[in-house]
Amino acid sequence: MNEDQCVVLFHSTSLALRGEKLCREEKILVKLIPVPRRLSSDCGVCLRFPCVEEERLRSVFAAKALEFDDIVRL
Amino acid sequence: MIYLDNAATSFPKPAAVCDAMTAFALEIGANPGRSGHRLSVDAGRVIYETREAIASLFNMPDPLRVLFASNATGGLNQALLGFLRPGDRVVTSGMEHNSVMRPLRALESDGVRVCVVPSSPEGVLDPDDLRRMLREKTDMVVVNHGSNVNGCMQMIRELGAIARRAGALFLVDAAQTAGCVDIEMERDNIDLLAFTGHKALFGPQGTGGLVAGERVPLERMRPLIYGGTGSRSEFETQPEFPPDRYESGTPNTIGIAGLGGGVRFILETGMAEIRRHEDELAAALVDGLGSIDGVRLYAAPPERRLSTVSFTSEALSPSELGLCLDEEFDILCRVGLHCSPAAHASLGSFPEGTIRFSAGYFTTSDEISAAIDAVRALVRKGDRA
């Protein structure tokens with residue numbers, strides 16, 4: 001299994017928390033972590049997930065019209 | 001002590017409410033969504049979960065369109081002052097609280113046209129009367145779902161359909177009904193729903209807000225307060241997405257934790273069970289008080305009433321009666337105009353006001369009987385005096 005980790009960046013903590021909830025419902029392994037400094041100067045959190053789940057995660061968010069900023073490989 | 005002032009603030013609260021607040025104070029305490037650390041995320045999660053519980057209660061698909069404010073007044077002001085501009089037309093009922101009438105009168109002085117559809121002497125807004133008032137282009141219709149004066153409920157689903165057909169946004173003041181009456185955003189044709197946490201939702205004071213339905217053009221609703229949100233901090237302009245756009249400044253997280261406990265209690269207990277108990281209390285109040293000679297009831301129609309009733313007595317003024325109930329019988333209620341001069345005018349009790357008994361889910365039938373006996377005794381004594 002590919003262990004590479006990615007993060008989804010959101011505009012706000014509320015969106016990140018909604019993202020966490022939607023992923024957990026779909027059994028996508030996620031964890032909320034502080035946004036790595038090199039990715040943003042903002043003080044918020046982002047959602048870490050295994051990169052292999054990217055397509056599934058994108059479709060879950062699209063189905064629920066959940067907006068996010070970007071997906072970045074760590 | 002018998003507490004009959006639930007229309008002002010519900011009391012007591014379910015244990016889950018106090019437990020949630022204690023847990024937040026002891027175990028979390030941090031600032032939600034401002035930092036990346038564990039406790040900040042936990043605080044953010046407490047707020048998110050309450051948002052979700054409220055969205056679920058009103059069958060609202062997107063919890064991020066639940067916007068927290070300090071109370072229903074905050075939610076109503078956000079909707080009214082956020083949307084209405086000089087030249088706009090807004091239509092309301094004759095049963096409104098000052099939380100609607102005061103912002104409307106302020107908007108009126110800025111050039112918004114305010115039209116009031118008179119209500120029946122029982123407090124009912126006739127949908128046909130609303131339809132006639134909407135022949136002219138109207139931007140918003142705002143209606144009090146349940147009266148805080150006599151508990152009269154409006155046919156919001158029908159009123160909402162009429163408002164939407166006329167191209168107006170439909171704003172519902174659910175201060176008295178959120179938590180004790182089944183409300184669904186889409187089914188009931190609601191665009192904007194203002195709710196408070198401290199009444200039938202069983203939360204603490206200082207919680208409430210506005211639910212903005214999916215078809216509400218939020219880009220047109222200006223925030224009332226601008227400031228830090230913990231998001232998009234690199235920009236000095238307000239974020240444009242909900243809920244952040246409308247929730248600047250550190251929120252009342254401990255209060256929202258308690259509100260979450262209250263909403264979960266309601267979801268577990270079931271709205272049907274709450275309604276069944278409160279309908280029984282309402283019937284007992286109306287029948288009991290109505291049977292006392294010299295008492296005038298301002299009752300709502302039986303099929304559309306909350307467990308809130310207003311009455312006056314020929315023998316004693318509302319303030320005298322209220323004081324005697326408190327001092328001699330340990331019964332706590334509310335007298336006067338209940339911040340709703342317009343509703344009292346519709347019911348025929350302005351400017352003297354009424355005495356109001358408002359029961360809640362934790363009120364018992366025995367307490368209602370004891371309160372009715374106390375009124376009977378005081379009115380009889382007052383008659384002899």
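Leaving aside residues up to four places away in sequence, B:His344 touches B:Val149, B:Gly336, B:Leu337, B:His338, B:Ser349, B:Phe350, B:Gly353 and B:Thr354, where contact means heavy atoms within 4.5 Å. The model is predicted, so that local features need pLDDT of at least 70 and side-chain atom pairs count only at pLDDT 80 or more, while totals for chains, interfaces and linings use all residues. Residues are numbered from 1 along each chain as its sequence is written, chains are lettered from A and ligands numbered from 1 in the order in which they are written, and side-chain values use heavy atoms, with hydrogens and water left out.

B:His344 lies in helix 10 (residues 341–347) of chain B; helices (H or I, at least four residues) and strands (E, at least two) are DSSP runs, numbered from the N terminus. Because its relative accessibility is 0%, B:His344 counts as buried, a term that means under 20% relative accessible area (1.4 Å probe, protein chains only).

Strand 3 (residues 89–93) of chain B is largely enclosed by the rest of the structure, because 5 of its 5 residues are buried. In a regular strand the side chains alternate between the two faces of the sheet. Here both faces are covered, with B:Arg89, B:Val91 and B:Ser93 buried on one side and B:Val90 and B:Thr92 buried on the other.

Strand 3 of chain B pairs in the parallel sense with strand 4 (residues 113–117) of chain B over 5 bridges, pairing requiring that DSSP finds at least two bridges between two strands. Within strand 4 of chain B, B:Val116 is the bridge partner of B:Thr92. Strand 3 of chain B also runs parallel to strand 5 (residues 140–144) of chain B, joined to it by 3 bridges, and there B:Val141 is the bridge partner of B:Val91.

Technical notes: Buried means under 20% relative accessible area, exposed over 50%, partly exposed in between (1.4 Å probe, protein chains only).
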